[in-house]
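Could you walk me through how to read some features of a protein model? I would like to take them one at a time.

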Amino acid sequence: MNILMVMPKSSHGEFFPIGMAYISSFLKYKGYNVFCLNLNSYDKPDYEILEHHIRKYDIKIACTGGISLFYTKLKYLVKVIKSIDQNIITIVGGGVVSSDPELILNNLKMDFGVIGEGEYTVAELVDAVTNKKDFNQIKGIIYKDERGMIVRTQPRPEIKDLDSLPYPDYAGFNVERYIEQSLPDTSFYRALGHDRPRILDITSSRSCPFSCTFCFHTSGKTYRQRTLESFFKEVEYVIDKYGVNVLSVCDELFSVDSDRMLKFGEMAKKYKVKWRVSIKVNPPVDLNILKQLKESGLIYIIFGLESVNNAILKSMKKGITSEQINVALKTVYNAKICFGGNFLVGDPAETVKTANDTIEWWAKHPELNTNLSIGDRVITFPGTSLYHHAVNTGLIKDRIKFIEEGCPVINVAKNMNEKDNVYLKWKLYKIKKNPEYISVGKVLYARKTGNLSGQNIYYLKIKCPHCNAVSEYNDCWQDISDRSLFFTVTCKNEDCCQSFKASCRKAFYKNYGVLIKLEFYNLFKTVFATLYITKYEFLNRKKISSSQSVCRSTTH
């Protein structure tokens with residue numbers, strides 16, 4: 001029986017579907033005929049591509065999946081597959097199903113939904129379809145029986161022995177195409193020491209034991225690790241097979257075990273690759289450990305910070321404090337490792353004051369290069385505590401409509417209205433455009449060297465504002481999607497490695513039309529931001545003054 005694994009088209013750029021690739025390789029390991037289709041690799045209409053593959057390979061079972069943001073694409077895929085051949089069995093998994101199985105089964109109308117990790121579940125399901133076995137005996141699925149009644153089977157335990165799983169199906173999903181698209185277009189890539197990085201996502205563990213209100217863990221709540229021997233065998237394989245020189249370790253939690261981190265660093269030295277990882281600020285990471293990890297190739301750390309206000313951190317169930325954030329960032333800064341961090345605004349306990357605490361902290365620490373966004377507030381993803389809060393309080397009245405609309409940002413903060421959110425957005429925008437609050441390097445030399453994938457490519461020499469070292473950067477191009485007049489770059493001096501901003505006008509001088517439009521766009525936004533902030537603060541002062549007058553008159 002032939003199986004088709006389908007990766008839907010993504011509006012967020014092409015990425016390697018590591019979860020689906022694990023399931024594909026496990027099915028092949030079990031002896032099934034599996035064909036992989038990444039729709040992002042084609043310019044033709046989905047129907048045409050799907051029909052070609054289904055007819056050519058005589059497909060009987062089609063598997064797909066993704067997070068809730070993929071809902072409409074997955075629903076369309078199921079509809080198209082069924083229109084080509086009504087008898088094809090459709091299986092959908094991922095966060096979209098695991099977060100709300102009954103709702104998704106009723107509306108997406110696939111034959112089977114997979115809840116939780118999919119390797120063993122999909123393999124058993126394929127076996128049951130092939131050999132006409134009882135579906136009710138398969139753990140971790142949801143479907144409708146002959147009477148149209150929903151059947152949700154017993155939960156499947158998380159996979160304890162991750163070493164037992166075969167490597168992801170790299171060849172099936174054409175990982176070479178993904179690796180070839182690695183370009184030095186962000187601070188992460190420019191910090192690599194490679195002008196043409198060959199980067200690959202890879203995992204050494206699954207899930208996370210913490211329960212942040214805005215997170216949903218499709219792979220379960222039990223944190224599990226691969227042995228490092230197993231992990232580095234895979235590292236050796238992807239280096240030999242695909243020439244990978246940068247590893248993006250996609251673990252949700254990496255820094256829970258100091259001994260393991262040190263062993264990881266020791267083993268990584270052998271392969272002479274650069275690597276990046278996400279780290280939690282608690283437990284704190286020791287400076288000496290960080291220095292050893294840097295020697296092994298660690299070049300970038302990302303932190304999930306969310307807020308610097310302790311009341312908000314407690315409300316989010318982060319399990320960290322602002323004091324721990326300050327210590328962790330300063331430690332990594334002193335270790336001379338490039339890093340970034342993300343903030344979220346809009347928790348139910350958020351106020352204008354608590355949000356301002358985070359904005360003002362950010363403005364005082366430009367050297368820390370944290371990424372703070374107010375315009376895109378915390379998203380209430382299905383399955384999260386925040387989502388259940390929004391549903392229970394009536395903020396989300398129609399669950400399926402909310403998912404169909406792509407999980408739009410909603411205001412869950414009890415003491416903030418939309419005007420408050422807009423004010424914070426424009427206040428942050430003005431701060432980010434003020435050179436007083438950002439570290440700006442000097443572009444000493446820029447030369448266009450060619451064209452790649454429709455982009456002008458440049459060779460740059462930039463002076464670091466932190467250490468005054470001059471670094472050279474090849475194959476740089478301007479990412480105009482963020483509409484910024486500055487781009488982020490990282491110093492290549494091993495004794496610095498800090499991020500800073502550089503001028504797009506100075507670096508990408510050939511992009512005349514784009515730069516002029518961006519300057520007018522940013523000028524207009526700055527003027528609008530100033531007017532909005534002035535009006536908001538004036539009306540707020542007037543409101544406070546009026547309230548005080550009422551209080552005085554009442555007392556008299």
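The dialogue below goes through cavities, a pocket, the surface and some backbone features.

Q: What kind of model is this?
A: Welcome! This is a predicted model, so let us keep that in mind as we read.

Q: How many cavities of 30 Å³ or more does a search of the whole structure find?
A: Here is the general idea: rolling a probe the size of a water molecule over the atoms shows where empty space is left. In this structure, three cavities of 30 Å³ or more turn up. The largest cavity holds about 70 Å³ of space.

Q: Which residues line the largest cavity?
A: The lining is made of Y22, L162, L165, P166, Y167, T203, S205, R206, R226, S230 and E234. By class, five of the lining residues are nonpolar, three polar and three charged. Strand 9 (205–206) and helix 9 (228–242) each give at least two residues to this lining.

Q: And the second largest pocket: how much space lies there?
A: A pocket is open, whereas a probe in a cavity cannot get out. The second largest pocket has about 560 Å³ of space. It is lined by 29 residues, and F216, H217, T218, G220 and K221 are the closest to its centre. Its lining counts nine nonpolar, 14 polar and six charged residues. Helix 6 (119–131) and helix 15 (385–392) each supply at least two of the lining residues.

Q: Is K233 buried or exposed?
A: Exposed means over 50% relative accessible area. K233, which sits in helix 9, has 56% relative accessibility and therefore counts as exposed.

Q: Which residues form a nonpolar patch on the surface?
A: Look for Y512, I516, F520, L523, V527 and L531, which together have about 670 Å² of accessible area. One of these, V527, belongs to helix 19 (residues 512–555). V527 counts as partly exposed because its relative accessibility is 45%.

Q: What is the form of the peptide bond from N282 to P283?
A: The angle to read is omega, and here it is near 10°, a cis bond. P283 is in the loop between strand 12 (274–278) and helix 11 (287–295).

Q: Where is C407, and what is its phi?
A: Phi is another backbone angle to look at. C407 is not a glycine, yet its phi is positive, about 55°. The residue lies in the loop between helix 16 (399–404) and helix 17 (418–433). With 3% relative accessibility, C407 counts as buried.

Q: Where is C497 found?
A: Go to the loop between strand 19 (486–490) and strand 20 (499–503). C497 also has a positive phi, about 60°, although it is not a glycine. C497 is buried, with a relative accessible area of 11%.

Terms used: Residues are numbered from 1 along each chain as its sequence is written. This is a predicted model: local features need pLDDT of at least 70, side-chain atom pairs count only at pLDDT 80 or more; totals for chains, interfaces and linings use all residues. Side-chain values use heavy atoms; hydrogens and water are left out. Patches are made of residues with over 30% relative accessible area and no salt bridge: like charges are joined within 9 Å, nonpolar side chains (Val, Leu, Ile, Met, Phe, Trp, Tyr) within 5 Å. Accessible areas come from the Shrake-Rupley method with a 1.4 Å probe; for residues, only the protein chains shown count as cover. A salt bridge is a side-chain nitrogen of Lys or Arg within 4 Å of a carboxyl oxygen of Asp or Glu. Helices (H or I, at least four residues) and strands (E, at least two) are DSSP runs, numbered from the N terminus. Buried means under 20% relative accessible area, exposed over 50%, partly exposed in between (1.4 Å probe, protein chains only). On a 1 Å grid over the protein atoms alone, a cavity is a set of points where a 1.4 Å probe fits but cannot get out, and a pocket is an open set with protein on both sides within 12 Å along at least five of seven lines; lining residues have an atom within 4 Å of a point. Grid points are joined across faces, edges and corners, and a volume is the space filled by probe spheres set on the points. Ala, Val, Leu, Ile, Met, Phe, Trp, Tyr, Cys and Pro count as nonpolar, Asp, Glu, Lys and Arg as charged, and the others, Gly among them, as polar.
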